[in-house]
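This briefing takes up how two chains meet in a model and then turns to the surroundings of one residue. Please keep the sequence and the structure in view while reading.

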Amino acid sequence: MAVRVPASALGITAAAGSIPAGAQLSPVDDQVTVLLADPSLGLRLLAVLAAVPQPLVLAAVLGLLARWARSVRRGATFTAAAAARLTRVGQVAASAGVGAFICHVGFAGALSWGARPPDVVAVPTLASLISSLGPALWWPAIGACLGLVGEVVRRGVALRDELEGVI
Amino acid sequence: MPPDEEHRIRVNIDRLVAERGMTLTQLAERVGITQANLSVLKNGRARAIRFSTLTALCEALSCTPGDLLSLEES
């Protein structure tokens with residue numbers, strides 16, 4: 001099982017010259033990948049819990065979008081209900097996605113902590129914290145995109161209402 | 001203009017149809033619109049009228065847009 005661990009947790013620093021020849025630390029997040037040959041049940045569970053939430057939210061959002069697409073294919077696209085439903089999917093993507101990301105960071109942190117040598121205390125650097133938060137922005141971005149499409153549909157509803165009164 | 005705002009345009013379809021001895025059904029057929037839409041137009045509930053519809057109405061009723069539409073006094 002592979003686990004990402006802060007290099008400092010393993011006592012590896014570039015300055016100390018303790019990096020094996022041919023290897024180098026990631027300049028972005030100062031993390032190294034550690035291969036655990038025989039992880040405990042707890043670590044396996046943490047690995048699953050860290051990996052599952054975001055794909056689960058992604059699958060749920062895709063499922064909601066598929067249901068939305070089916071419903072508008074059966075009926076009309078430019079309805080107030082279709083616009084509201086799409087906006088709701090966007091809100092779900094943004095909120096549940098960020099929640100899932102927080103879960104992922106928490107469980108991955110616990111996993112990383114559990115994989116360190118017992119006599120080492122790892123303190124993440126500011127750069128590693130910032131770089132680990134970057135992917136969290138994808139979820140609000142996805143939610144905003146869906147919200148924008150919902151707004152387009154809402155304006156389409158208004159336009160259709162307007163055109164229905166044209167003879 | 002907000003959709004629900006009152007307007008003062010009168011559509012004189014009833015008078016013109018009566019003067020020409022036509023029925024609304026015949027007019028709707030000649031113009032190529034539904035009776036429901038003709039009724040909406042006649043009762044001033046339409047939000048707008050296409051130039052093509054206005055042209056067809058004028059041709060069917062042998063009149064000008066000025067005969068068909070008038071402005072009510074406020």
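Chain B and chain A bury about 700 Å² between them, with 56% of it on carbon and sulfur atoms; buried area is the accessible area (1.4 Å probe) that two parts lose on being put together, summed over both. On the side of chain B, the most area is lost to chain A by B:R47, B:A48 and B:R50, which together make up 63% of what that side buries. The model is predicted, so local features need pLDDT of at least 70 and side-chain atom pairs count only at pLDDT 80 or more, while totals for chains, interfaces and linings use all residues. Residues are numbered from 1 along each chain as its sequence is written, and side-chain values use heavy atoms, with hydrogens and water left out.

**Contacts between the chains**
- Five residues of chain A are in contact (heavy atoms within 4.5 Å) with 11 residues of chain B.
- Between chain B and chain A there are zero salt bridges, a salt bridge being a side-chain nitrogen of Lys or Arg within 4 Å of a carboxyl oxygen of Asp or Glu.

**The side of chain B that touches chain A**
- Helix α3 (residues 35-42) of chain B supplies the largest share of this side, three residues, helices being DSSP runs (H or I, at least four residues) numbered from the N terminus.

**A:Q54**
- A:Q54 lies in helix α2 (residues 53-74) of chain A and is buried, with a relative accessible area of 19%, where buried means under 20% (1.4 Å probe, protein chains only).
- Not counting residues up to four places away in sequence, A:Q54 touches A:A100, A:F101, A:H104 and A:W139.

Technical notes
Chains lettered and ligands numbered in written order. Helix = DSSP H or I, 4+ residues; strand = E, 2+ residues; numbered from the N terminus. Buried < 20%, exposed > 50% of the residue type's maximum accessible area, 1.4 Å probe, protein only.
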